[in-house]
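Colleague: I am new to this structure and would be grateful for a guided discussion of it. May we look at it together before I put my questions?

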Amino acid sequence: MVVIMLEKAKISQRGEMSRLTLEVKAGVFVGTFNARVRDKLWDRITKEWNVNAIMLYQTNNEQGYGIRSHGDPDKEVIDFDGIMLLTKPKRLKDEKEDFSEEINNSTGEDNG
């Protein structure tokens, strides 16, 4: 089974995806096809369409699935001791808030 999540995909691209898969929610596609078709579809998504995407697919590893990511999706794939995990990357706004807290802590100011 393959699950593909597309962000900001055009309607025509979603329509093309629905030829091979079932769109269970806007931008979320589920299908069953072999590794060759899966890889060709991933190439099309990443090279031709160039949209933000995450793909989960069945494979022979400890987790039983693999994860691919392309672009700047809301979630980021990280390898944690051989286990693939999804994390939400820090945005610039979060980094600015963290930096402000560090400055306030070093100067002894309290924002609370």
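**Overall fold**

Modeller: Read along the sequence, the chain follows the pattern β-α-β-β-α-β-β-β-β-α. Please bear in mind that this is a predicted model.

Colleague: How many helices and strands does the secondary structure of the chain come to?

Modeller: The order of elements along the chain is β-α-β-β-α-β-β-β-β-α. Counted by type, the secondary structure comes to three helices and seven strands.

Colleague: Among contacts with a separation of 6 or more, what percentage joins residues 24 or more positions apart?

Modeller: Contact here means heavy atoms within 4.5 Å. Of the contacts in the chain with a separation of 6 or more, those between residues 24 or more positions apart account for 38%.

**The sheet**

Colleague: In what order do the strands of the five-stranded sheet lie?

Modeller: Strands of a sheet pair through backbone hydrogen bonds, either parallel or antiparallel. In this open sheet the pairing is antiparallel, and the order is β2-β3-β1-β4-β5.

Colleague: Which strands are the edge strands of that sheet?

Modeller: An edge strand pairs on one side only. In the order β2-β3-β1-β4-β5, the edges are β2 (22-25) and β5 (65-70).

Colleague: Which residue in β3 stands opposite Leu-22?

Modeller: Strands β2 and β3 (residues 28-31) run antiparallel and are joined by three bridges. Across from Leu-22, the residue in β3 is Val-30.

Colleague: Which strands does α2 touch where it packs on the sheet?

Modeller: Helix α1 also packs on the sheet, touching β1 (2-7), β2 and β3, and its direction makes about 20 degrees with that of β3. The direction of α2, for its part, makes about 170 degrees with that of β4. The strands that α2 touches are β1, β4 (52-58) and β5.

Colleague: Which residues in α2 are met by Gln-13, Glu-16, Met-17 and Leu-20 in α1?

Modeller: By class, the contact of α1 with α2 has five nonpolar, one polar and two charged residues. On the α2 side, the residues are Leu-41, Arg-44, Ile-45 and Trp-49.

Colleague: Is Gln-13 buried or exposed?

Modeller: Gln-13 lies in helix α1. Leaving aside its neighbours within four places in sequence, Gln-13 is in contact with Trp-49 and Val-51. A polar atom of its side chain lies 2.8 Å from the backbone nitrogen of Lys-10. Because its relative accessible area is 8%, Gln-13 is buried.

Colleague: Which residue has the backbone oxygen that the side chain of Thr-46 reaches?

Modeller: Thr-46 lies in helix α2, and at 12% relative accessibility Thr-46 counts as buried. Its side chain reaches, at 3.4 Å, the backbone oxygen of Asp-43.

**Loops**

Colleague: Which residue has its backbone nitrogen 2.9 Å from a polar atom of the side chain of Asn-34?

Modeller: Asn-34 is found in the loop between β3 and α2 and is partly exposed, with a relative accessible area of 49%. The C-alpha atoms of Asn-34 and Val-2 are separated by 9.3 Å, although the two residues are 32 apart along the chain. The backbone nitrogen 2.9 Å from the side chain of Asn-34 belongs to Val-37.

Colleague: What is the phi of Lys-8?

Modeller: Most residues other than glycine have a negative phi. Lys-8 lies in the loop between β1 and α1 and counts as exposed, at 76% relative accessibility. Although Lys-8 is not a glycine, its phi is positive, at about 60 degrees.

Colleague: Where is Asn-50 found?

Modeller: Asn-50 is a residue other than glycine with a positive phi, near 50 degrees. At 54% relative accessibility, Asn-50 counts as exposed. Its place is the loop between α2 and β4.

Conventions. Residues numbered from 1 in each chain as written. Predicted model: local features only at pLDDT ≥ 70, side-chain atom pairs only at ≥ 80, totals over all residues. Heavy atoms only, no water. Helix = DSSP H or I, 4+ residues; strand = E, 2+ residues; numbered from the N terminus. Nonpolar A, V, L, I, M, F, W, Y, C, P; charged D, E, K, R; others polar. Buried < 20%, exposed > 50% of the residue type's maximum accessible area, 1.4 Å probe, protein only. Polar contact = N/O pair within 3.5 Å; in protein donor to acceptor, adjacent residues only side chain to side chain. Pairing = 2+ DSSP bridges. Axes fitted to C-alpha atoms, helices over the stretch in contact; angles between N-to-C directions.
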